[in-house]
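Hi everyone, thanks for coming.

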Amino acid sequence: MQRLLLRRWARRVPADHRARWIHEWEAELAALESRTADHSFLARTWAVTRFTLGAGRHAAELARLYDSDNREMTMMTTMGQDLRFAARSFARTPGFTFVAVLTLAMGIGATTTMFSVLDGVLLRPLPYHAPESLVMVGSTSQRFPGLAPVSPGDFNDWRERNTTFDHMIATEWITVDLVDGDRPARISSAAVSHGFFEMLGVPPLLGRGITPADDLEGAPPVVVLSYHLWQQRYGGDPDIVGRRIETADRVFTAVGVMPESFVHPEALWSEDVEIWVPTSQSGSNMTARGGRFLQVMGRLTPDATLFSARQEMSAIASALEEEYPTNAGRQVLIEPLRGETIGDVGQALVLLMGAVAMLLLIACVNVANLFMARAADRRREMAVRTALGAADGRIRAQLLTEGVALSLAGGAAGIVLAYMGVGVFRALNPGGIPRIDAVVVDARILAFAFIVSVVTGIAFALAPALRAAGPSALTALRDGARSGTGVAGVRFRNTLVAAELALAVVLLVGAGLFVNSFLRLQNVDPGFDPADVVAMSVTLNDRYETSEERTLFHDGFLERVAALPGVSATAYASALPLAGDRYLTALNIEGREVDASNPDVAEYTMVGADYFAALRIEIAAGRAFTVLDDAGAARVAVVNEAFVRRYWPGEEPVGRRFAMGRTDPEWYTVVGVAEDVHRVDLTSPIEPEIYFSAPQWGVETAQVVARTDGRNGSTIEAMRAAVAEMDPTLPVEFETMEGYVSATVNQPQFYTQLFSVFAFTALLLAAVGVYGTMSYTVGQRTREMGIRLALGAEASAVTAMVVRQGAAIAIGGLIVGLLGAGTLARLLESFLFGVGAHDPVTYAAGALFLGTTAMLACWIPARRAGRADPMGALRAD
Amino acid sequence: MPRKRALGAATVAILRAVQDGHRFGLDVMDATGLPSGTVYPTLARMEARSFVESEWEADADAKAAGRPARRYYTVTPEGARELSEAVQRLAVLAGVAPRPAGQG
């Protein structure tokens, strides 16, 4: 190690001294080693290392003495001197150093945290082979714009006819209820067509993937397991391939395990997939054209481009439109997988990154200001050094070195903050941020933090450095003992503070808009009362063969739940609002023209009689369902107000009839109108919806809702026990309706919180900036204040004078900031709900808030100015 | 050519140590308590100004001791003159100079 260093440094020693230099150091090292032979290993290593470090300076000195052309060495030595000098001068002013490092650490830490997230989510390539040629392929139409799911019939034709794809595969979300092992579990799974793993270029860790033979109708059931499931449920069994995997309704054979790092593509932005089965096992009809439920992905051939693939697929879609009437108006949309996985979140992250960059800028301005004040205090020192012959460049280099050293210290602390910040970010993840697990602080991030620190250091030290040296520096000596600040210096620092305030206004207004929008979001009436409602889902397996058996189970279960203490109303429903499930049907409304390319549609839900009472959904007209609306009675339906608005505007809905689709012979009579309920989220417009009476349909899979007297926890336990009593093999899941509601606002809430934290930090830093500048100015002018007071000025007048000067700076900053916010707020528009990007109240509030803070920050030093002791001030210096 | 400058305190200590018979670097470090990064560059500087000279230890001696030959420094007459001037100057300064900050 030491020998290695010596050899490296030897190259710097001028050639005719080199042999002697090496010889001397080897002799000295040998002497030291023999002297320390009886020391402990650590002590010896330390002594030898410390000793060897001197060789570098020796080499440098020789280079300086005998080789004046060796600039590099000279620079290295002066930089070392500058660094040592900087360290000493920071140690002398611990207060300044602490505040500056802390400010920088906050700025750099926040920036590094956001960059880690941005890097993990946006910048890193997807974890597949050659991810750039992977695309999502979707069905699209006027009615369902965007990448809508695809029908199996379309998928088969697309796959057969295209020439621009190496692979085209389909996936479908399914759930698998495992019953092997001690506890039944519902596993989120995907049915995938053959070639899925080959397309992504990730081979299985054990066994094989899904083959074309697996895909055939009637093939023996096989599964591929995720690494996680293999480890957790099957204990990492090395003989897993070939093992029986039992579900409620069939026995699969495990054929493969995927590696730990493998992520299902859609799981990049949603929950993870633990089991893959062939599409032949999904239970869906894989030749149908009616239902559209497949996600289609593909890998382009090396020759194909997005453009050529779109051209070809569009021709295929047009041909299918001719061949099948149901395909009228259907086109194909192809988007890169990368863009689809990131979506809106990317925009939000870029926005937050911008906010955090502003915060860093504020931190920079603050430290620049501190540096300016310090530079003013050190003008005499600089002047003395100039007088003693220090070159201007040397003094500038000294100040820049100090700046960079300071900001590297801040950066080091910032990296620690970033480590914690990333942990907090991941813990707070509101869901829906793709690839959040890929977010780590690694070498890339450290490199980023390092570059940011160096640039930051140069940025804030540059202005003071340029001002510190130069011919004017010498005037500091003539000023006598007073270390004055020139008018230009004061103006420059005031500009910095104003700029800082302007940036803080921008962030504050942005945060204000977010908070405003979030409050409105929280005040949206979902259309039902989510308080004290428990939701449970239970899926019956194939042991409940007939519709009667299933209805019998549900009725028996409901009876038990209704008898529980504290439960006032309970009902089943095929899907719950805000829970993510939606079912859509085409309609044939009596008396309305049918338009084949733009059919009338509505969402539908089958609900039990007490559903409206349990969720407290108001009935606006007619009646709700009763127990009499059963299988034997006339078919009835309740529609929502949006349905009436779209299909029967201004007409009496109760008593009118419709059928589902064009071919279904059954007519349903509307008996009531329910008030609108938000189904998707709280902001989307409400679509027409139909409620059917569940007993007239048979209850297949059901959610059960129960209104409690507030004791949700004990009700959940009682319901779990009731299911176990009836059939212990059934997996159940619980959620509260309030949970579903708050899940829809998680993401906006998260962005609001983050933005508010940034804005608050900015406010704090800006306040510190104003306070620091004003109190420094007041300190500089103590003598002047003293004279004013001695000449009879009122203390309040002196205070007012200082406040006025602070106010002038603040108003300038506020005006620029409001203009800037007005320009930048447009970027926020797509994140706002119920509040415009130029909401005047928010702007006024932001300005008022910051203005008040700024005034408070300068009032404290101003009061000190008013209380200056006239005699003391005059005698000073 | 390095310009002529008065000797600093560290330089004085090092020259003193060499004059007192501490002839090679490690010994000088021990005698003065200064780090290697000060001692060796200073010796190089003093040699460039001809205040010290160096010679290699006789091979026979080194072999006998079982180590590489050492580089021995001696103070030249010119160096000795400079040293005594510097010592006098430092003595005068020591009488009037304020104590260094942070040590009082």
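Let me start with chain B, whose elements run α-α-α-β-α-β-α from the N terminus on. That makes five helices and two strands in chain B; here helices (H or I, at least four residues) and strands (E, at least two) are DSSP runs, numbered from the N terminus. Before I go further, this is a predicted model, where local features need pLDDT of at least 70, side-chain atom pairs count only at pLDDT 80 or more, and totals for chains, interfaces and linings use all residues. Residues are numbered from 1 along each chain as its sequence is written, while chains are lettered from A and ligands numbered from 1 in the order in which they are written.

Of the 104 residues in chain B, 31% are buried. By buried I mean that 20 or more other C-beta atoms lie within 10 Å of the residue's own; exposed is 12 or fewer, partly exposed is in between, and the C-beta atoms are placed from the backbone. Contacts, for this talk, are pairs of residues whose C-beta atoms, placed from the backbone, lie within 7 Å. Of the contacts in chain B with a separation of 6 or more, 55% are between residues 24 or more positions apart.

Now to chain A. Its secondary structure comes to 26 helices and 21 strands, and 41% of its 877 residues are buried. Among contacts in chain A between residues at least 6 apart in sequence, 82% join residues at least 24 apart.

How do the two chains meet? The contact takes 16 residues from chain A and 17 residues from chain B. On the chain B side, the elements that give two or more residues are helix H2 (25-32) and helix H3 (36-48).

Next, the inside. A nonpolar core here is a set of buried Ala, Val, Leu, Ile, Met, Phe, Trp, Tyr and Cys residues joined through C-beta atoms within 7 Å. The largest one has 104 residues, and those with the most contacts inside it are Leu501(A), Ala504(A), Val505(A), Leu507(A) and Ala762(A). Helix H12 (residues 344-377) of chain A gives the most to this core, 20 residues. Apart from that core lies another, of 55 residues, among them Val538(A), Phe553(A), Ala624(A) and Phe658(A). If you click on Leu507(A) and leave aside its neighbours within four places in sequence, you'll find contacts to Ala355(A), Met358(A), Phe758(A), Ala759(A) and Ala762(A).

The expected span is 1.5 Å times one less than the number of residues. Buried residues in H24(A) include Val798(A), Gly806(A), Gly813(A) and Ala821(A).

Helix H25 (residues 840-866) of chain A has 27 residues and reaches 37 Å from first C-alpha to last, close to the 39 Å expected. There is a kink of about 30° at Trp859(A), shortly before the proline Pro861(A); the bend is the angle between axes fitted to the seven residues ending at a residue and the seven starting there. Pro861(A) is itself among the buried residues of H25(A).

Some loops deserve a stop too. Asp532(A) sits between helix H17 (487-522) and strand E11 (533-538) of chain A, and has a positive phi of about 60° although it is not a glycine. Arg289(A) is in the loop between strands E8 (275-278) and E9 (295-300) of chain A. Its C-alpha is separated by 4.8 Å from that of Gly153(A), 136 residues apart along the chain.

Finally, confidence. Chain A averages a pLDDT of 83, with 90% of the residues at 70 or above; pLDDT is the predictor's confidence in each residue, from 0 to 100. Over residues 479-484 of chain A, pLDDT stays under 50. Where pLDDT is low, the predicted coordinates should not be read in detail.

How values were computed: Two residues are in contact if their C-beta atoms, placed from the backbone, lie within 7 Å.
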